[in-house]
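Below are my notes on the model, in numbered points. Please read them beside the coordinates.

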Amino acid sequence: MRVVSLVPSLTEAIALTLPGVVVGATDWCSHPPALDVTRVGGTKNPKLDQIITLAPDLVIANEEENRAPDLTALREAGVEVLVTEVRDVPQAFRELARVLDACGAPSRPRWLDEAEEAWAQLPEPERRMTAVVPIWRRPWMVLGRDTFAGDVLSRLGVDHLYATHAERYPRATIDELRAAEPDLVVLPDEPYRFTADDGPEAFTGLPCALVSGRHLTWYGPSLGEAPRVLGAALRAARR
């Protein structure tokens, strides 16, 4: 089996479970760290000719991360494409199982069972907090409705204030975000790399949680430690 993955978290899941199966991945596919495969461009601008030349048995994509015209072009070139959709944690586990099965996994990997168990055993939050969750600045953009990251935070006791917005990733002014009066501002390090020096200064007087974007937005092996890693970052910001 030869697989090209256009989704960083799924690249990690496949490569960890089926070493040697992934022959191509995007420039953003940073895990596993030692992954040595052909790089085929970005998630939004993959090098289609290079993918076709790799002669994959299957290309793994996602309806949100990858552009429909690129996937159509691959199909028209005779390449089989599997497109995933992940909007919440349970769906992530279902899609991971489907992807690994399609890639030839003989059985369900242990890491997937352990990750699902970690979320199933998550205790009910002692108290809930409201948050805004910027994912970009210049312009400011935040988590909106129907997102995987939003569901992750909800299960950890954080309700983001744009969860019912008409858009999934709405733009907002910094004044609007402050006026929402959240209990907390959650600042991931991807897709925009918020840091202690870039982000919190815009929310003076509000507690800010700097969190791992991989644990907040990736659906793969990182799901197993995500409750612990994210929970610790959220608790630290509330102190």
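1. The sulfur of C29 lies 13 Å from the closest cysteine sulfur, that of C103, which is too far for a bond. A disulfide here is a pair of cysteine sulfur atoms within 2.5 Å, and the count by this rule is 0. C29 is buried at 1% relative accessibility; buried means under 20% relative accessible area, exposed over 50%, and partly exposed in between, with a 1.4 Å probe and protein chains only.

2. On provenance: this is a predicted model, in which local features need pLDDT of at least 70 and side-chain atom pairs count only at pLDDT 80 or more, while totals for chains, interfaces and linings use all residues. Residues are numbered from 1 along each chain as its sequence is written, and side-chain values use heavy atoms, with hydrogens and water left out.

3. The secondary structure comprises 9 helices and 11 strands. These are DSSP runs numbered from the N terminus: helices are H or I with at least four residues, strands are E with at least two. The chain has 239 residues and a radius of gyration of 18 Å, in agreement with the value near 18 Å for a compact globule. That radius is taken over C-alpha atoms, and the globule rule is 2.2 Å times the number of residues to the power 0.38. Along the principal axes, the C-alpha atoms fill a box of roughly 55 × 40 × 30 Å. Buried residues account for 51% of the chain.

4. Strand β4 (residues 58–62) and strand β5 (residues 81–84) run parallel and are joined by 4 bridges; pairing requires at least two DSSP bridges between the strands. A61 has V83 in β5 as its bridge partner. Together with helix α3 (residues 68–76), β4 and β5 form a right-handed β-α-β unit. Right-handed means that, with the strands pointing away from the viewer, the path from the first strand over the helix to the second runs clockwise.

5. How many salt bridges does a search of the whole structure find? The search gives 17, where a salt bridge is a side-chain nitrogen of Lys or Arg within 4 Å of a carboxyl oxygen of Asp or Glu. In one of them, R98 pairs with E95, with the closest N and O atoms 2.7 Å apart. Both residues sit in helix α4 (residues 89–102), 3 residues apart, about one turn of the helix. R98 is partly exposed at 37% relative accessibility, whereas E95 is buried at 11%.

6. E201 and R137 form another salt bridge, their closest N and O atoms being 2.9 Å apart. This pair links distant parts of the chain, 64 residues apart: E201 is in the loop between β10 (184–188) and β11 (208–211), and R137 is in the loop between β7 (134–136) and β8 (141–142). E201 is partly exposed, at 42% relative accessible area, and R137 is buried, at 11%.

7. R145 and D146 meet through their side chains in a salt bridge at 3.8 Å, N to O. R145 is partly exposed at 33%, as is D146 at 37%. Elsewhere, a network of salt bridges links E12, R214, E225 and R228.

8. T147 is in the loop between β8 and α6 (148–155) and is buried, with a relative accessible area of 5%. Apart from neighbours within four places in sequence, T147 contacts R87, H160, R168 and Y169; contact means heavy atoms within 4.5 Å. Across the chain, of the contacts between residues at least 6 apart in sequence, 57% join residues at least 24 apart.
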